[in-house]
Amino acid sequence: ESSWIGHLPPSRAACASLARERYIDLGLSLAAAAMSVVSNTKLRPDGLPEMTEEEQAKEVSNTQKMVFGLMTGPRVICSGIAWLVYTFGRRGLYDVNIAVIITMQRGWLYFAVGIFSMMVAWLNSWPMVLKARLMSNNVSNLRSNMALLRPIGAQASEPFVIMEEGGPVGEYNRANRSLFNFNEWALGTVLNVVFAGTVFPFPTMVLVVGIAASRVWHQRTYAQGYGKHAPAFFTFVICNTTLEMLVWLVAWKALSFRAE
């Protein structure tokens, strides 16, 4: 109980405690109702959306296709961008820098960075397939939750515990979720920046500016509500994957080199 309730006479304390419980129950009910209206989805007693086996299978199938698209589509597009950078940029400088890497026999190191970057992308994408079994793409802010928690002990049967999504608290939670998303991708990005930047300094700077702008944009729009951040995330993916493709380009040039 709150400290102010403890100072009330017993009868008033009981009334205040009951009112407080009813207020909390009402708030939870309104939150659940709001989520149901926004997502147009019925909720189970544990708070997750009701989904038939057919709906789950459809969501999983669609998400698998989306993950495949995220892993392949940007790399196809960005490999073209990387080749244009190499072909129409300061190619003389780039070839000199690549020659140094060949001399130092660092081609396999660039190959390793490319593999690591792809691993980071996969680890950030595959959990969406598991998420699709629990919630559809129509449940709005519920998808911001990285984990679904449940009390233990006497409250073990209570609904799942999720992040507050309403008002300033919801905006704060989603802003920090955007920060976590940045952290999830950051190590791969940093490696790509360092290794691509060794050969392509100016293009790397331009791409990092794009990454910085897209991450700020991502956080501001994610705070407003789930889904609004999608264009910012796509911009980040293109900039980040272009860096990765520059790394792969160096690896290919270095490993395919044959001395005359």
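Let's start with the lining of the largest cavity. By class, it has one nonpolar, three polar and three charged residues. Nonpolar here covers Ala, Val, Leu, Ile, Met, Phe, Trp, Tyr, Cys and Pro; charged covers Asp, Glu, Lys and Arg; polar is the others, Gly among them. The lining residues are N141, S144, N145, M163, E164, E165 and R174.

A word on the model. It is predicted, so local features need pLDDT of at least 70 and side-chain atom pairs count only at pLDDT 80 or more, while totals for chains, interfaces and linings use all residues. Residues are numbered from 1 along each chain as its sequence is written, and side-chain values use heavy atoms, with hydrogens and water left out.

Now, the terms. On a 1 Å grid over the protein atoms alone, a cavity is a set of points where a 1.4 Å probe fits but cannot get out. A pocket is an open set with protein on both sides within 12 Å along at least five of seven lines. Lining residues have an atom within 4 Å of a point. Points are joined across faces, edges and corners, and a volume is the space filled by probe spheres set on them.

How many cavities of 30 Å³ or more does the whole structure have? The search finds one. The largest cavity holds about 40 Å³ of space.

Next, the largest pocket. Its space is about 1000 Å³. It has 42 lining residues, and N124, M128, K131, R143 and Y226 lie nearest its centre. By class, that lining has 22 nonpolar, 14 polar and six charged residues. Which helix gives the most to the lining? Helix 9, with seven residues.

The chain overall has nine helices and zero strands. Both are DSSP runs numbered from the N terminus: helices are H or I, at least four residues, and strands are E, at least two. Of the 260 residues, 36% are buried, meaning under 20% relative accessible area.

Last, the surface. M119, W122, L123, W126 and L130 form a nonpolar patch with about 480 Å² of accessible area together. Such a patch joins nonpolar side chains (Val, Leu, Ile, Met, Phe, Trp, Tyr) within 5 Å, from residues with over 30% relative accessible area and no salt bridge. A salt bridge is a Lys or Arg side-chain nitrogen within 4 Å of an Asp or Glu carboxyl oxygen. Areas come from the Shrake-Rupley method with a 1.4 Å probe. Helix 5 gives the most to the patch, three residues. W122 sits in helix 5. W122 is partly exposed at 41% relative accessible area, between the 20% and 50% limits.

Key. Patches are made of residues with over 30% relative accessible area and no salt bridge: like charges are joined within 9 Å, nonpolar side chains (Val, Leu, Ile, Met, Phe, Trp, Tyr) within 5 Å. Buried means under 20% relative accessible area, exposed over 50%, partly exposed in between (1.4 Å probe, protein chains only).
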